[in-house]
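Welcome! Take a moment to look over the model below, and then let us walk through it together.

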Amino acid sequence: MNAETPIVVTAHDACPPEAARVIDTDLGDYNDAAAPLHEVRPISAVARDATGAVLGGAIGRRWGPCCELQQLWVHEDLRGTGLGTRIAQQFERHAAAHGCTVVLLETLSFQAPEFYKRLGYRIEHERTMYPHGITKVFMTKTLAPAA
């Protein structure tokens, strides 16, 4: 980099693909040098019917004793049947089997904070700055060691 070369900063609604590749790669390289992020592993639990169709699932990642539940979805026709609870519990058991002792998640106020509370998650923090009265809720749950 030459300090005398003029630098132009532009704003975009969507990051240009070539810029996104450079930013992702270089940030990834920086992060890998600072922390052993290569140890982060995906984790999931999926519910299927007899034909193999996906009816719901949970997707996340684990790193050492920490597990992050990033997405949990249940088919609209099956919400309220207990399937979401079964998926979340299977996800948690799988995380515990890998040595995870805590699950972290974020949910929006219109999504599922009450569902997660019933599963034993507790609110760590709430961000109320979003439009339309929406709150982002940060939750955690301590897991029992795997049997």
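Just past helix α2, G99 adopts a positive phi of about 90°. Helices here are DSSP runs of H or I with at least four residues, strands are runs of E with at least two, and both are numbered from the N terminus. This is a predicted model, in which local features need pLDDT of at least 70 and side-chain atom pairs count only at pLDDT 80 or more, while totals for chains, interfaces and linings use all residues. Residues are numbered from 1 along each chain as its sequence is written, and side-chain values use heavy atoms, with hydrogens and water left out.

Helix α2 itself covers residues 83-97, 15 residues in total, and spans 21 Å from its first C-alpha to its last, close to the 21 Å expected at 1.5 Å a residue. That expected span is 1.5 Å times one less than the number of residues. Its buried residues are L83, G84, I87, A88, F91, E92, A95 and A96. Buried means under 20% relative accessible area, exposed means over 50%, and partly exposed lies in between, using a 1.4 Å probe and protein chains only. What do the buried residues of α2 pack against? Their partners are β1 (41-48), β2 (54-63), β3 (66-74), β4 (102-108), α3 (113-118) and β6, where contact means heavy atoms within 4.5 Å.

Now for the loop between β5 (122-127) and β6 (136-142), which holds T135 and also H132.

| Residue | Relative accessible area | Class |
|---|---|---|
| T135 | 12% | buried |
| H132 | 78% | exposed |

T135 touches T107, L108, S109, E126, R127 and T128, leaving aside residues up to four places away in sequence. H132 has a positive phi of about 65° although it is not a glycine. Most residues other than glycine have a negative phi.

Finally, the whole chain. The protein has three helices and six strands, running α-β-β-β-α-β-α-β-β from the N terminus on. Its radius of gyration is 20 Å, well over the 15 Å that the globule rule gives for 147 residues, so the protein is more spread out than a compact globule. That radius is taken over C-alpha atoms, and the rule is 2.2 Å times the number of residues to the power 0.38. Along the principal axes, the C-alpha atoms fill a box of roughly 65 × 40 × 35 Å. Of the 147 residues, 24% count as buried. Among contacts with a separation of 6 or more, 47% come from residues 24 or more positions apart.
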